[in-house]
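Let's take a quick tour of a protein model. Keep the sequence and the 3D view handy as you read.

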Amino acid sequence: MGVTQHGRTHRLDLADPTLREWTCTVLHADAEQGIVLDRSAFYPGGGGQPPDHGVLLWQGVQTRIVGTRKGDDPYLIPAEGGPLPPAGTEVVGAVEDERRTRLMRTHSGLHVLCGVVFRDFGALVTGNSMEPGEARMDFNLPEVPPDFKSRIEELVNAEVAADRSVATRVLPRTEALALPDIIRTQSNLIPPDEQEVRIVDIVGLDVQADGGTHVASTAQIGKVQVVKVESKGRANRRVRVRLVD
C-alpha cells in the first residue's frame with residue numbers, strides 16, 4: 001500500500017488518478033498469465049475496489065483488458081481470445097474512463113461514510129466491497145438508533161456538499177502508524193513488510209491508510225443514497241449505498 005512500483009511495473013494510477021492514456025512497453029505477455037507493462041495506470045484492484053478495464057493499442061491492433069491478476073507484477077488480463085502484444089512492443093494504454101471515474105467517486109463516498117460513522121458512532125470497518133456506483137460497508141456497531149439510515153444519509157451528504165479536499169501522501173511506515181486512528185478497519189491490513197504507507201486525507205473529516213484511487217474533492221462524489229442498513233450478526237451492521245446521478 002503506497003509504493004509507486006509494483007514488481008517491474010511503475011504505478012501511474014497512484015501518482016495521478018486522472019490519467020487515462022499513456023505510452024508504455026510490454027515486458028511480458030502470456031495468454032494464461034497476462035500482460036506486464038513497464039508503466040501502467042490500470043488500478044489492479046484491492047481494498048474492495050475492483051480492477052480497471054480498458055485497452056492496449058499497438059500497431060493498428062487493439063487488446064481489450066478485462067481485469068488484473070496480482071502477483072510479483074500486476075498481470076493485465078486480456079479478453080478471451082484477444083491478441084497479445086509481444087514483449088518489447090511499445091503500446092498505448094487507455095483506462096475506461098466512465099468505469100474508473102465512478103469507482104473513484106464510489107470509493108471516496110465510502111471514505112466519507114467511514115469518517116462519519118467513526119466520528120459520530122466510534123465504529124470500525126469490518127468489511128467492504130464496491131462496484132461502479134454502488135457499495136456496501138460493514139461496521140462493528142452493536143446498536144443503532146431508529147433513525148440511523150436517514151441520519152447517516154443526511155450526514156454523509158452534508159460532508160459531500162462541504163466540498164472537502166481529498167489529498168494523498170506517502171509516509172514511512174513508522175510515521176504513518178504514529179498518526180492517531182489511521183487504521184479504520186478492525187484488523188490491521190497493512191502488510192508487515194510494507195515500509196511505505198499511502199494516506200488518504202479527506203481534510204477535516206477522515207484520515208486513513210488506503211491504496212485506492214479517489215476524486216480530488218468530496219463535491220465530485222455527487223449525492224449518496226443510503227439504500228439499506230442490515231444486521232449481519234449481533235455486533236455488525238451493513239450499510240448499502242449508491243450514487244444518485
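Here is a short briefing on cysteines, a strand pair and one arginine.

This is a predicted model, so to speak: local features need pLDDT of at least 70, side-chain atom pairs count only at pLDDT 80 or more, and totals for chains, interfaces and linings use all residues. Residues are numbered from 1 along each chain as its sequence is written, and side-chain values use heavy atoms, with hydrogens and water left out.

**Cysteines**
- A disulfide is a covalent bond between the sulfur atoms of two cysteines.
- The structure has zero disulfides, counting a pair of cysteine sulfur atoms within 2.5 Å as one.
- C24 is buried at 3% relative accessibility, and C114 is buried too, at 1%; buried means under 20% relative accessible area, with a 1.4 Å probe and protein chains only.

**A strand pair**
- Strands β3 (residues 21-30) and β4 (residues 34-37) pair in the antiparallel sense over four bridges; strands are DSSP runs of E, at least two residues, numbered from the N terminus, and pairing takes at least two bridges.
- A hairpin of three residues links β3 to β4.
- A29 has I35 in β4 as its bridge partner.

**R20**
- R20 sits in the loop between α1 (12-15) and β3; helices are DSSP runs of H or I, at least four residues.
- With 16% relative accessibility, R20 counts as buried.

Definitions and conventions
Buried < 20%, exposed > 50% of the residue type's maximum accessible area, 1.4 Å probe, protein only.
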